[in-house]
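Let's take a walk through a protein together. Keep the picture open beside you and look for each spot as we get to it.

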Amino acid sequence: MAGIYIHIPFCKQACYYCDFHFSTSLQKKEALIDCLIKELNLRKHEFKTTAVETIYFGGGTPSLLTKEELERIINAVYRHYSVVEQPEITLEANPDDLSTSKIEDLAQSPINRLSIGVQSFNAKDLKLMHRAHNAEEAKHCLEIATQYFKNISVDLIYGIPGLTDAEWIENIKTVLNFNIPHVSCYALTVEPKTALDAFITKGIIPPVDDTVAQQHFEILLALLEKEGFVNYELSNFGKPDFFSKNNTAYWQGKPYLGIGPSAHSFNGNQRSWNIAHNIKYIKAINSGQLPSETEILTPTDKFNEYIMTGLRTVWGVSLQHVQQQFGENYKAYLLKQSQTYINEHLLYLDGDTILTTKKGKFLSDGIASNLFKINLT
């Protein structure tokens with residue numbers, strides 16, 4: 001299995017917490033779409049013997065593209081790659097873009113999954129994050145979208161300064177009232193050089209409290225599990241048959257191509273990433289060059305990535321896989337490093353698989369980093 005991620009680097013306005021690559025100017029949109037199609041052609045040899053099962057439009061704000069623009073890109077994927085009969089094709093979308101007519105257009109396109117960036121139904125949260133939509137737009141788009149799409153995911157953010165437990169519960173219940181089958185929830189993170197970082201430094205916005213974020217996560221976990229959702233990855237909750245194939249492939253270490261400025265790719269042995277600059281990206285692609293850097297992964301890199309991704313998921317970290325892929329020394333090292341967390345009931349062994357406990361889920365990234373192997377010994 002393989003996936004193609006397509007980065008659409010345009011937004012109406014900048015959210016205060018976002019450090020992804022985007023531009024609020026749409027002047028280069030047509031030229032960039034042409035180059036996305038050219039890059040798909042330039043890189044078709046990378047998936048010569050691999051079928052594409054997922055196509056994911058991320059960003060940025062892919063819902064700024066028209067149905068015709070999206071179809072041009074999708075048609076290029078089909079033209080240059082082998083695609084399975086019923087691929088998962090996801091479009092990230094903002095509520096303010098999803099008018100009734102827009103949703104109807106998308107329903108007539110090859111897009112079969114929407115990932116809607118609601119983030120909150122609370123006006124003060126939306127203002128703090130500088131989101132372009134309001135709560136009523138979010139609810140309206142979900143009301144219409146659920147009439148046309150069966151496979152919908154909603155993004156929510158928790159740990160927002162000032163967000164109470166009651167308000168967080170109301171956000172979750174609002175999503176559940178629309179019978180949404182997949183929810184992606186993220187703790188608000190303060191990234192360097194973002195507006196949010198500056199506002200917190202200046203005292204305009206209170207700092208993010210990790211204790212509150214963990215409490216919100218525990219509320220989230222309890223509510224969604226009660227409603228039949230599976231927390232198949234730290235930030236992702238799906239009803240059975242509605243796990244994101246794109247997300248699942250990423251966390252299970254499957255190969256993917258990243259198309260567009262700043263997009264990352266992975267083939268099992270190396271990672272590459274395109275330049276995060278629209279004009280330089282367009283210039284390079286138009287000259288037939290791939291504006292990317294590449295990192296060859298060492299066995300230790302692969303081991304560390306497997307630990308990081310595995311601990312975040314319901315599939316955990318297989319000791320058998322570690323032994324087969326990396327050798328007995330890595331397995332012994334992992335078991336030794338894990339013991340402290342097993343004793344603290346943050347990790348547990350199920351047969352030959354290391355998994356996080358409910359108590360350890362929210363801490364999984366920190367635990368994983370302490371299980372990393374630093375030297376090739």
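Let's start with charges: the structure holds 13 salt bridges. Keep in mind as we go that this is a predicted model. One of the salt bridges brings together the side chains of Asp-97 and Lys-12, at 2.9 Å from N to O. These two come from distant parts of the chain, 85 residues apart: Asp-97 sits in the loop between β3 and α3, while Lys-12 sits in the loop between β1 and α1. Is Asp-97 buried or exposed? Its relative accessible area is 10%, so Asp-97 is buried. Lys-12 comes out at 46% relative accessibility, so it counts as partly exposed.

Now hop over to Lys-358, which makes a salt bridge with Glu-225, the closest N and O atoms being 3.0 Å apart. Here again distant parts of the chain are linked, since Lys-358 belongs to helix α14 (residues 358–361) and Glu-225 to helix α8, 133 residues apart. Lys-358 is exposed because its relative accessible area is 56%, whereas Glu-225, at 31% relative accessibility, counts as partly exposed. Salt bridges can also share partners, and that is how Lys-12, Asp-96 and Asp-97 end up joined into one network. For another pair, look at Glu-39 and Arg-43, whose side chains meet in a salt bridge at 3.0 Å, N to O. Both Glu-39 and Arg-43 are buried.

Time to go inside. In soluble globular proteins, nonpolar side chains tend to be buried together. In this model, the largest nonpolar core has 78 residues, and the members that touch the most others are Ile-4, Ile-6, Phe-57 and Ile-73. Helix α8 (residues 210–226) gives the most to this core, with seven residues.

How about a quick check on a helix? Helix α2 covers residues 67–80, which is 14 residues, and at 1.5 Å a residue it should span 20 Å. Its end C-alpha atoms are 20 Å apart, so the two agree.

Next, find helix α12 (residues 319–326) and helix α13 (residues 328–343), whose axes come within 7 Å and cross at roughly 145°. On the α12 side, Leu-319, Val-322, Gln-323 and Phe-326 meet Glu-328, Tyr-330, Lys-331, Leu-334 and Leu-335 of α13. Sort the residues of this contact and you get six nonpolar, one polar and two charged.

Most residues other than glycine have a negative phi, and most peptide bonds are trans. Yet the peptide bond from Gly-59 to Gly-60 is cis, with omega near 20°, and Gly-60 is in the loop between β2 and α2. Lys-193 isn't a glycine, but its phi is positive, about 70°. You'll find Lys-193 in the loop between β6 and α7, and at 84% relative accessibility it counts as exposed. His-345 also has a positive phi, of about 60°, without being a glycine. His-345 lies in the loop between α13 and β14, and it is exposed too, with a relative accessible area of 56%.

Note on methods
Residues numbered from 1 in each chain as written. Predicted model: local features only at pLDDT ≥ 70, side-chain atom pairs only at ≥ 80, totals over all residues. Heavy atoms only, no water. Core = buried A, V, L, I, M, F, W, Y, C linked by side-chain atoms within 4.5 Å. Buried < 20%, exposed > 50% of the residue type's maximum accessible area, 1.4 Å probe, protein only. Helix = DSSP H or I, 4+ residues; strand = E, 2+ residues; numbered from the N terminus. Expected span 1.5 Å × (residues − 1). Axes fitted to C-alpha atoms, helices over the stretch in contact; angles between N-to-C directions. Contact = heavy atoms within 4.5 Å. Nonpolar A, V, L, I, M, F, W, Y, C, P; charged D, E, K, R; others polar. Salt bridge = Lys/Arg side-chain N within 4 Å of Asp/Glu carboxyl O.
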